[in-house]
Amino acid sequence: MAVPALTSLYREHQVELIRLAVLLVGDVATAEDVVQDVFLRLQARPPRLQDESKLPAYVRAAVLNGCRMALRRRRRTWGHTEPHEPPVWSAESAVMLGEDRREVLAALRRLPRRQREALVLRYYLELDDAEVARVMGIRPGTVRSTMVRALAALERRLGEEER
Amino acid sequence: MKDLEDRLREALRAAAETVDETRSRPLPELGAGAVRSRWWEAHRRLTPVLAAAAVVLLVGGVVSVRELLHGGGRRPVQQAGSAMPRFFVTSVLAGGGQRSRLEIRDSGTGRVLDAEPAAPGVDYREVAAAADNRTFFAISEPRTGGRCRIVIDRLSVSEAGIITQRDPVVGAKVPGTVRDSGSLAVSPNGKMLSYGAGGCSAEARAGGGDGIFGVIDTGTGQRWEWPDSGGGTYRGMSWSGDGRYLFFVRAVMRNKGRQEVIERQELRRLEVTGRVRGEVKEASTLIRGVDAPRRFAGTAAGRDGREVTISESGREAEDAWSGVPGREAAGEAASARPWAESTLRADAWASTSLLGDLLRISVADGRVLRASTQRGTATFDHPLLKGDVSGRFLLTDLGALDTAGGGTAHPIAGLAHVFDADW
């Protein structure tokens, strides 16, 4: 892949990708790091795609993987240091987002990783089952069942918080 | 649920919008080391391969140096011993227009997997198998006249049972003649070979006189021989699983009364690690002895050298006695020993051509720990008894015997008309 094509892709999708990453890792700085790492890797080792139209899905999947790695690193780091709340689901965010949104994000954060990723891809990027499946690397049937369980769990957690 | 989905959608959008879309974030570019990084990215998969190759080279180098320091001797890996050995080797004498040969056979089917012919005019005789079941040894000697010399060859066999190498063992060209069966055995690690042979004097070549009993280090070719002023001959050799003890049968002629001379066979154990010098009788420990027509067909040592399985035939003779260390030296007369009658089947003693009794003997006091009878006519001119490294499986005239599985032999094709076999 040529650098101009990559530059164009970056310009077009960087905000959307950083926002996707923010919803998964919780803070902008980490999200920007994740996306920049992805584009650095794309320059160092361009993907061999037969269909260029699949590039956005490929980059989303790479960002998703980058977020997983960032969370994994964070878990290891938090094992040795004081835990901190990333801004998106911290108490301070309620000022910016409103209390109801903060509760939803806090409940989302407590879901298992796969359920959280599926909900973000569906309800933020508005991807259909097949697209979510492609980005997450799972089958569409699994996406559907994950989604049902994720919404039920989210509802349950929100109900607990509201009580 | 619709309400929940809307709340979720709204919360996600609001959180996402905390990212300032107007902020300038130029495309990150590879730095000064980009070329190197690209090369490294392209070739980093080679790293584990190169690391593995380096380790292999290092280990190979260490092994090679060790081999050089120890005279190039091979050290087969000891077999686990939980299953029957995969192959067995047989020696076939010349005949029917064919040369003598060694055959590698499949233990399950008896099928010949590969064969190695002897040089013209030479016969392969005794064979022995190391514990790895891939290294075999064989004694060869000239068929008629010629030089009074035996040669011990080593055979290496692949995982498929194909002979990959045959070479003479360093220092294993020994003056002497093959006189008795089971006169070759190899320690489980393949490092030490024990052999028995007749001397080269006219008397010895006629079947009497001096015998030779020795051990060879297959790596260095160093040889130790124990003299025997009693004129003993040696057969039925086997090594304990730990390679410390060598069991063998020593046959000597002794006077019985004024007129009669009979053969006495002694089951003995020699601790090889100590390499006690001197006469065989002094260097080794007597475990058990029988007088003709009783005889020991062979021995199969246990793993730790505290037990040994022997095949004993000719029970109609009543003069079996148990030799206890020191007893013979004290001049005690041989006395009849009560056998474990209750454990032996009375109908098994019709002929000495039967394989006979398999007796598991305690080395410490010569007691019979377990006895079973193997019925059937020996296919060899001498009964065959070879153990594997585990001490559990025995190769006999009647086939493979799992001593832990009830003692019934599993027939193996290919044992008829061979001179010797081992696994």
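This is a predicted model: local features need pLDDT of at least 70, side-chain atom pairs count only at pLDDT 80 or more; totals for chains, interfaces and linings use all residues.

Me: Let's begin with strand pairing: how many bridges join E9(B) to strand E10 (residues 211–217) of chain B?

Reply: Strands of a sheet pair through backbone hydrogen bonds, either parallel or antiparallel. Here E9(B) and E10(B) run antiparallel and are joined by seven bridges. Two strands count as paired if DSSP finds at least two bridges between them. Strands (E, at least two residues) and helices (H or I, at least four) are DSSP runs, numbered from the N terminus.

Me: Which strand pairs with E9(B) over three bridges?

Reply: That's strand E8 (residues 184–186) of chain B, again in the antiparallel sense. B:Val186 has B:Leu193 as its bridge partner in E9(B). E8(B) and E9(B) make a hairpin with five residues between them, and B:Gly190 in the turn has a positive phi of about 75°.

Me: In what order do the strands of the whole sheet come?

Reply: It's an open sheet of four strands, E8-E9-E10-E11 (chain B), with antiparallel pairing. E8 and strand E11 (223–226) of chain B are the edges, each pairing on one side only. On average, neighbouring strands are turned by 15° against each other, direction ignored; axes here are lines fitted to C-alpha atoms, for helices over the stretch in contact, and angles run from 0 to 180 degrees between N-to-C directions. E10(B) and E11(B) pair over four bridges, and the partner of B:Phe213 in E11(B) is B:Trp226.

Me: How do I read the two faces of a strand?

Reply: In a regular strand the side chains alternate between the two faces of the sheet. In E9(B), B:Met192, B:Ser194, B:Gly196 and B:Gly198 point one way, B:Leu193, B:Tyr195 and B:Ala197 the other way, and all are buried. A residue is buried if 20 or more other C-beta atoms lie within 10 Å of its own, exposed if 12 or fewer, and partly exposed in between, with C-beta atoms placed from the backbone. Seven of the seven residues of strand E9 (residues 192–198) are buried, so E9(B) is largely enclosed by the rest of the structure. Across chain B, 40% of the 423 residues count as buried.

Me: Where else in chain B is there an open sheet of four strands?

Reply: Look at E20-E21-E22-E23 (chain B), also with antiparallel pairing. Its edge strands are E20 (385–387) and E23 (409–410).

Me: Now the helices. At what angle do the axes of H5(A) and H1(B) cross?

Reply: Two packed helices are described by the angle between their axes and the distance between the axes. The axes of helix H5 (residues 99–109) of chain A and H1(B) come within 9 Å and cross at roughly 95°. That makes H5(A) roughly perpendicular to H1(B) (under 35 degrees counts as roughly parallel, over 145 as roughly antiparallel, 65 to 115 as roughly perpendicular and the rest as oblique). A:Asp100, A:Arg101, A:Val104 and A:Leu105 of H5(A) make the contact with B:Arg7, B:Leu8, B:Glu10, B:Ala11, B:Ala14 and B:Ala15 of H1(B); residues are in contact if their C-beta atoms, placed from the backbone, lie within 7 Å.

Me: How many residues of chain B are in contact with chain A?

Reply: There are 23 residues of chain B in contact with 31 residues of chain A. H1(B) gives the most to chain B's side, with twelve residues.

Me: And is A:Arg139 buried or exposed?

Reply: A:Arg139 is exposed, with 12 other C-beta atoms within 10 Å. A:Arg139 lies in the loop between H7 and helix H8 (140–162) of chain A.

How values were computed. Residues are numbered from 1 along each chain as its sequence is written. Chains are lettered from A and ligands numbered from 1 in the order in which they are written. Two residues are in contact if their C-beta atoms, placed from the backbone, lie within 7 Å.
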